[in-house]
Every structure is written in structure tokens, then in C-alpha cells.
Amino acid sequence: MLPACSVIGILGGGQLGRMTALAAANLGYKTHIYTPEENSPASQVAYKTTVAAYNNAKALKAFAQSVDVVTFEFENVPAETIRILSEVKQTHPSLEPLYIAQNRLREKKMATELGIKTAPFLPVSSLGELENAFREIGYGGAILKTAELGYDGKGQVRIRGLEECEDAWKEMQNQPSILEGFVDFACEISVIIARNEEGQVATYDINENTHKDGILRVTRVPSSVTPDVENTATQNAIRIAEHLGLVGILAIEFFVTREGEVLFNEMAPRPHNSGHWTMDAARTSQFEQFVRAVAGLPLGSTERTTDVTMHNLIGDDVLVWQQYLERPNVKLHLYGKTKITEGRKMGHVNYLGTE
Ligand code: AMP
């Protein structure tokens, strides 16, 4: 158990790091952010910041020496970075969950090995392989995704017919990829699960998520799924967290088909946008839960206190932030980002009770 005033080192300076730093402060911890970015959202509210590149071994070692435990707020941390850090200090989560989550093929194989269903998928590393894969699983349409480094719908191309394969492959620029059968889903859901070193596990109510252009827009809780679907998704999440020996927090996204099948899509071993509602509508927010898990504290209650809808403020959406202040059932969270760009997550609002 980390004593009060210990320092939690966080790799990454985005909004997830910012909200984690705020939660850590409430529990009496300090945070030290490591990010290449000056004036990052997280460093604005942290005790200390190191601005350096993720491949700067000297800076990484000094950072690890100056903190009591290391964690991260994004999953594309280079594996070598974690290796360097973990030689000096304990990192939570460990390299294993991160390594798997960094690659769509690895995570889907893991799910399959655990008996968890996914959309049909095949690895693709050439145009010929893509065409063969499309013939095999693309009959209802398909999506080609880069195996690594895609986020918010980036690095993805929809393929409707064999003749579209060539252009799609050009867009991938020869990067190792995965072809997935297109799922005509009834809805998309996610599960947020925390696990600590003692093996205590806590899950939240299922999130029902609406995406536009590959970016999460809205999360509703409670979701519209049946208790059976809720149970399957939650049990799958527990199986994955235990398999990974997770210490921290993990978000897992699933598609729910019209027949009520629950298909694993992807996971992220960090707090997740679809869990932002917990800041205002759960006894323990996902950020506090994350800090508790990383600091070796008992996990908190995940009980939901009200119905809630979370809306992201993306790009220009944020310009009308003041209007939310007039609404008694709306909680506003801004990320301290000065530059607005298209598709950039600038903040979010939680509507408590009815929207
Ligand atoms: P991802 O980065 O895998 O979460 O994909 C971003 C969004 O694209 C998802 O949230 C879905 O809305 C959509 N999508 C991704 N994969 C598929 C699929 N196999 N079938 C249908 N829609 C998908």
C-alpha cells in the first residue's frame, strides 16, 4: 500500500492523465507526469512534469527513480520504454497487458484462446493476402485495420467488394494489418474493470456507446442490453483481467449482435472515455479506482448512483461550454486544451438523470 504523499509516475500527459492526477491528489498522492508535450493537460494539475521523449533512456531512468510506482495513461507506450522503466521501478499494469493491447491481432487471438467470441478476422501483410482474406470472410463487407497504432477510427478502411482491396491496401501503406468481417451490430458496449495486486476485481455497469467517424460521441448507462448480454460481457472482462494478471484498470469494447452475441472488439489497459460517467454517477470514479489499484489500496464501490449520459465535447463543441453551467443536472469537465482542432477531445459533459 503506497503511503500518503507518495509519488505516482504517469506516462502520458493527456486528459486521462489529468483526471487520474486529480483523483490521485484526492487520495493524498502526488503525480509526476512524463510527456514530450509542453503544458500538457495532465501537467497543468500535477506535482511535477518531465518533458522528454519516450525513447530518452536517461530521462526515463531519472523519472523512474524519482517516483514510487509507474503507470501510463495511453497504450501506445513503446515496449522498450516500459522495459527501461521497469528495471528501476514497479510498473502497473505490467508490460504483458500493454503488449497485447498494442496489437489488434494479439488481442483478438487472446480473446479467441480464452473462448471469447470476436468478429471473423485474418492477418494481412500483402495485397494477395488481403484478397484471399476478403474472399474468405468479406462476404458481408469487411474492415481493414492496421494491426498497431490505430485509434479513434484512424488506420481503418471499409471494403465492400473485392475490387476495393487494391485501394484499401495502398491506404495501409504496407503496414501489417487485420481484416475483420463487418458486424451489423445492434449496439456497441464496453466494460470497465479494475483489479488490484490482491486479485480483488471490480466492474462497473455496462456502457452503451455511440461512435461517429470512429470517435466515441455518447455513452449511456444503464445500457439497453439484456441481463444475459450484461453478464456475458462482464464475465468475459473478468476472464481477460485475470488472464492478464492486470493490476490497474482495463476497458474492453464489445459488439452486441442482433442475435444477442457478445463479440470482443478491442481493449485498453487504462481509464477509458466510455467510463467518464463514473466521475459523477458512481461511488468511485474510474480514475480513483485506477489510482487505488496502482497504489495497492482496496478497490472502491462501483455502485451507480443515477442514470447518466456522457457526451464528448469534440472540436468546436467546446465553444458553447458556458451553456452547460446553467443546467443543474449537467457536470462539465474541460481538459485545459487551448488549441481546438477537428476531432480533438476537448472535454465532456455528464447529464445526470434524464438528459
Ligand atoms: P475500433 O478502433 O476497432 O474500435 O473501431 C472504431 C469503430 O468502427 C467501432 O467502434 C465501430 O463503430 C466500427 N467498427 C470497427 N470494427 C468493426 C467491425 N468489424 N464491424 C462493424 N463495425 C466496426
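Biologist: Why does Asp184 count as exposed?

Modeller: This is a predicted model, and every value I quote is computed from it. The relative accessibility of Asp184 is 51%, and the label exposed asks for a value over 50%, so Asp184 counts as exposed. The residue is placed in the loop between strand 8 and strand 9, the latter covering residues 185-195. Its C-alpha atom is separated by 8.9 Å from that of Gly140, and the two residues are 44 apart along the chain.

Biologist: What makes His32 buried or exposed?

Modeller: His32 has 3% relative accessibility, and buried means under 20%, so His32 counts as buried. It belongs to strand 2. When neighbours within four places in sequence are left aside, His32 is in contact with residues that include Val7, Ile8, Gly9 and Ile10, as well as Lys48, Thr49 and Thr50. Phe63, Ser66 and Val67 are also among its contacts.

Biologist: Why is Asn56 given a label of its own, and what is its relative accessible area?

Modeller: Asn56 has a relative accessible area of 31%; buried requires under 20% and exposed requires over 50%, so Asn56 is called partly exposed. The residue is found in the loop between strand 3 and helix 2, which runs over residues 57-66. From Asn56 to Ile84, 28 residues apart along the chain, the C-alpha separation is 9.8 Å.

Biologist: What makes helix 10 "mostly covered"?

Modeller: Helix 10 spans residues 286-295, and ten of its ten residues are buried. Among them are Gln286, Glu288, Gln289 and Arg292, along with Phe287, Phe290 and Val291. The residue that follows helix 10 is Gly296, with a positive phi near 75 degrees.

Biologist: Which residues have a positive phi although they are not glycine?

Modeller: As background, most residues other than glycine have a negative phi. Asn39 has a positive phi of about 50 degrees, and Asn174 has a positive phi of about 65 degrees. Asn39 is located in the loop between strand 2 (30-35) and strand 3 (48-51), whereas Asn174 is located in the loop between helix 7 (165-172) and strand 8 (177-181). The relative accessible area of Asn39 is 53%, and Asn39 is therefore exposed; that of Asn174 is 60%, and Asn174 is therefore exposed.

Biologist: What makes the radius of gyration agree with that of a compact globule?

Modeller: For 355 residues a compact globule would have a radius of gyration near 20 Å, and the protein has 20 Å, so the value agrees with the rule. The C-alpha trace spans about 60 × 50 × 40 Å along its principal axes, and buried residues make up 55% of the 355 residues.

Biologist: How is the protein divided into domains, and where do the bounds fall?

Modeller: The division gives domain 1 (7-91), domain 2 (120-181) and domain 3 (185-352). Domain 1 and domain 3 have centres, taken over C-alpha atoms, that are separated by 22 Å. Their contact takes 20 residues from domain 1 and 22 residues from domain 3. Across the whole protein there are eleven helices and 17 strands, and of the contacts between residues at least 6 apart in sequence, 62% join residues at least 24 apart.

How values were computed. Residues are numbered from 1 along each chain as its sequence is written. This is a predicted model: local features need pLDDT of at least 70, side-chain atom pairs count only at pLDDT 80 or more; totals for chains, interfaces and linings use all residues. Side-chain values use heavy atoms; hydrogens and water are left out. Helices (H or I, at least four residues) and strands (E, at least two) are DSSP runs, numbered from the N terminus. The radius of gyration is taken over C-alpha atoms; the globule rule is 2.2 Å times the number of residues to the power 0.38. Buried means under 20% relative accessible area, exposed over 50%, partly exposed in between (1.4 Å probe, protein chains only). Contact means heavy atoms within 4.5 Å. Domain bounds come from an automatic or database domain assignment.
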